[in-house]
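Please give me a guided tour of this model. I have it open in a viewer and would like to know what to select next and what is there.

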Amino acid sequence: MKLLKNNSLSLNQLDGNTARLLTMFVAIFLVASLTKPDMFLSSGNFQSMSKQLVEYGLLSLGVGIAMISGGIDLSVVYIANLSAIVTGMVMKALVLTAVGPELLLFILIAVLAGVLTGFLCGAFNGFLISKLHIPAMLATLGTMQLYMGIAIIISGGSTVSGIPRVFSQLISNSYLFGIPLSFFIYLFVVGFIIFIMSKTKFGMRVFLIGTNARAAAFSGIKINNVLIKTYILSGLLASLAGILSLARLSSAKADFGSSYIMQTILIVVLGGINPNGGYGTIRGIFLATITVQVISSFLNMFPEISNYYRDLIWGVAVIGVLIVNFSANKKTTAKLAKATAN
Amino acid sequence: MSENILSVKGVHKSFGGVHALKGVDLTIKKGEVHCLAGENGCGKSTIIKVISGVHKPDSGEVELNGKKYTSITPSEAIEAGVQIIYQDFSVFPNLTVMENLAINKALASKKKFINKKEFRRIAEEAVNKINFKVDLDALVEDLPVADKQLIAISRALLADAKLIIMDEPTTTLTKTEVKRLFEIIEDLKEQGVTILFVSHKLDEVYEICDSITIFRNGENVLSCQVSEMDDEKFAYYMTGRKFDSQNIKQNAKAGDSILEVKNLSAPGFDNVNFNLRKGEVLGISGQLGSGRTELSLALFGLLKPYEGSIVVDGKEVNITSPAKAQELGIALVPEDRLTEGLFLSQSIKRNINVTKLDELSSKLGVMNITALTDESKGWVKNIGVKTKDHEYPVQTLSGGNQQKVVLARWLATNPNVLILNAPTVGVDIGAKHDIHTLLRNLANEGRGIIVVSDDVKELVDVCDRVMVMQQGKIINEIASGDLNADMLSQYI
Ligand SMILES: Nc1ncnc2c1ncn2[C@@H]1O[C@H](COP(=O)(O)OP(=O)(O)O)[C@@H](O)[C@H]1O
Ligand SMILES: [Mg+2]
């Protein structure tokens, strides 16, 4: 046991990861500021960065929670689209004739319809994964198609647009101290999820199930119940992302943002969530989200780097992160093994 | 030539701040089976690594076959005929049995082309030496642990081993496999090979060894013939504590019925009836596959009975899940600590708190962190989990302390019926005694305890009566007065 102290093995490996992420964020931020000072350090750039990251930031939170529980949620982007379409269509149906305070009430109803959509989609994912024991990867790959299919059918395959202007104005074009309202919504949600995962019994159970589902069952944890709630939470976060994207773009479509799936997984892994479950922090996901946003804005400042290269760069980044995490993990495991060798 | 094949004198070895060996001696006669015993962490593996040249000793000397070395190299050790069967066997999982056996020899012969026939001949010769029947073309990773071990032993023999050292070879073996290993050890002894057998299980020592050395905290505390050994002496030298297993059962007094099982049948067992009373420790024994594990699972809501009834405290109940069992005051310490009991990478605290989350959270589900921390700290102290801090991952603990953590988790729910499946497998002798005493105290507090086990001594020491199962049925029940080791072993 003395060894643990001597080798200064941090009990909280999380802190190592947070430090690594922070260093990375600061380094990239500095590079960007030094090489493209007038573009990168402009207030316009900060505004657009803080607007862009909100949607995939929310999606990543859902994917991250699912991964901590030992699964994954590949359907988040399509839950977001479906929720946006439902919200948009309800809004259009109700609002056309309305004015004044009635209008706000109708908007609220439409938003609730979108949230309900996310709830149902998430509950269905959870049902497939927990009750029917379908591996999360396959279950959400299937529902991803399913939700996209439903979205295409109800939207007739076309873009839903003609959303009341108040709605976009309110959410996407209001600023507080020059920062868009949607970014504050995101910060609030991050704080809320940090609370859920670290201070509630539900959060603790998600970690324990992700660590060893069998031991969780033997400890009296109602696994199905916890997993269904996990995917409902992911679905709710996705619907929120969808509703915010509806406000930002004033439109919704069944296949918006397909590339976000890869990006959310990159963020979650970069954030230090163990792909096998049981381990990671929401704080890590948050730091990874803003880091990825800075990198992607920075890359955008080089028009000569084509989109093809961009895919290549992201691909290399995912693999690089996986390798770093893997070897960092192996080192701690080796240290632990040494410290406890008998 | 001297009659000692190995003689270690005054070896010191430190790792950083840990003084693992404090001047130990170890002498092994040619042709004997010598046991090296001691609790976890006392330095057994370290001395082996010194002998085989993996670790350089800080001081002291190793004498092999009359030749003295102040620090021996691995190749010198192999040349002198020392072969180690490590705890993980060090076989190549992705090669076939044949390749594993022949690889060293083939590499040593420096031939450019590898001749399959030659490979097979070498491999056959190796397995024949110990009468080991195995498919030479099977991949090693597909074989059971016991077979991997035998492959390692065969390979050692190919290298002309004169002294084979086995580091805790029986920990992962079933009873039948242990038996087979012992036959092989007898065989090797006849062929003139000397064996150093590392173990902390006394019955194994009696069965197979000629002489014994006991280490405690990096010092050797006893060296003698096994014939001069007895249970009490063994336990005392291992731990430095005196145990009195006779007294565990003092004050036993059974009260009203707390759990009644009537005509219960489920996959794995059939028509089981028994009655557990408050204050009673009931043993359930039988071989692997006799239905004892299934019975414990059914009582804990993890296996659905298709017939019969369970009565708890006078009321017929339907135990549909572990959560329901917990509600009814039933707790289970599962058989396989690592896969069913523990969240290995999580803290000791979380491992203990898992059953208290509902009770120690607000209506909205927010945990009362202070209460949970106090709860965990309290148990670590009460039940004697040896650790610096309950925030350490539970995987840093020894087997016995890990088991105490699982126990604490369930004791925290204040159960009326506590079922323990194989409660002291892989637990060292001191912790084992602690757990037995604890079980008795829990019974004396008026709880009903069920111990599922095939450890005869354990059953005799703690149980008031023992039911023996075979092929899913209870075939015998031995009451307190008749309960003794000889009698019980006949049935298991
Ligand atoms: N490579 C190592 N580095 C640091 N400490 C070690 C190492 N190997 C063993 N130890 C420590 O030395 C002591 C003896 O360990 P070991 O010989 O493995 O015990 P055991 O008798 O259980 O085999 C323990 O306290 C262990 O933690
Ligand atoms: Mg050892």
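Select Phe177(A): with a relative accessible area of 78%, Phe177(A) is exposed. Exposed means over 50% relative accessible area, buried under 20% and partly exposed in between, with a 1.4 Å probe and protein chains only. Phe177(A) sits in the loop between strand S2 (175–176) and strand S3 (179–180) of chain A. Helices (H or I, at least four residues) and strands (E, at least two) are DSSP runs, numbered from the N terminus. Phe177(A) is not a glycine, yet has a positive phi of about 50°. Most residues other than glycine have a negative phi.

Before moving on, note that this is a predicted model, in which local features need pLDDT of at least 70, side-chain atom pairs count only at pLDDT 80 or more, and totals for chains, interfaces and linings use all residues. Residues are numbered from 1 along each chain as its sequence is written, chains are lettered from A and ligands numbered from 1 in the order in which they are written, and side-chain values use heavy atoms, with hydrogens and water left out.

**Chain A as a whole**

Chain A holds 15 helices and four strands. Its C-alpha trace spans about 75 × 55 × 35 Å along the principal axes. A compact globule of 342 residues would have a radius of gyration near 20 Å, and the 21 Å of chain A agrees with this. That radius is taken over C-alpha atoms, and the globule rule is 2.2 Å times the number of residues to the power 0.38. Of the 342 residues in chain A, 51% are buried. Among contacts in chain A with a separation of 6 or more, 79% join residues 24 or more positions apart; contact means heavy atoms within 4.5 Å.

Next select residues 201–211 of chain A, which form helix H10. How many of the residues of H10(A) are buried? The count is 10 of 11, and the helix is mostly covered. The buried ones include Phe202(A), Met204(A), Phe207(A) and Leu208(A).

Keep H9(A) and H10(A) in view. Their axes are 5 Å apart and they pack at an angle of about 70°. Axes are lines fitted to C-alpha atoms, for helices over the stretch in contact, and angles run from 0 to 180 degrees between N-to-C directions. The two helices, H9(A) and H10(A), are therefore roughly perpendicular to each other. Angles of 65 to 115 degrees count as roughly perpendicular. From H9(A), Ile196(A), Met197(A) and Lys199(A) make the contact, and from H10(A), Lys201(A), Phe202(A), Gly203(A), Met204(A), Val206(A) and Phe207(A) do. By class, the contact of H9(A) with H10(A) has six nonpolar, one polar and two charged residues. Here Ala, Val, Leu, Ile, Met, Phe, Trp, Tyr, Cys and Pro count as nonpolar, Asp, Glu, Lys and Arg as charged, and the others, Gly among them, as polar.

**Helices H8 and H12 of chain A**

Now select residues 165–172 (H8) and 223–249 (H12) of chain A, which pack at an angle of about 110° with axes 8 Å apart. H8(A) and H12(A) are therefore roughly perpendicular to each other. Phe167(A), Ser168(A), Ile171(A) and Ser172(A) of H8(A) meet residues of H12(A), including Ile243(A) and Leu246(A).

**Met24 of chain A**

Select Met24(A) in helix H2 (residues 13–35) of chain A. Its relative accessibility is 30%, so Met24(A) counts as partly exposed. Setting aside neighbours within four places in sequence, Met24(A) is in contact with Leu270(A) and Thr291(A).

**Stops in chain B**

Select residues 44–51 of chain B, helix H1. Seven of the eight residues of this helix are buried, so H1(B) is largely enclosed by the rest of the structure. Just after H1(B), Gly53(B) has a positive phi of about 85°.

Go on to Glu168(B), in the loop between strand S7 (163–166) and helix H6 (175–190) of chain B. Is Glu168(B) buried or exposed? Glu168(B) counts as buried, at 8% relative accessibility. Its phi is near 40°, a positive value in a residue other than glycine.

End at Leu407(B), in helix H14 (residues 399–411) of chain B. Leu407(B) is buried, at 1% relative accessibility. Not counting residues up to four places away in sequence, Leu407(B) touches Val333(B), Ile383(B), Leu418(B), Leu420(B), Ile435(B) and Leu438(B).

How values were computed
Angles under 35 degrees count as roughly parallel, over 145 as roughly antiparallel, 65 to 115 as roughly perpendicular and the rest as oblique.
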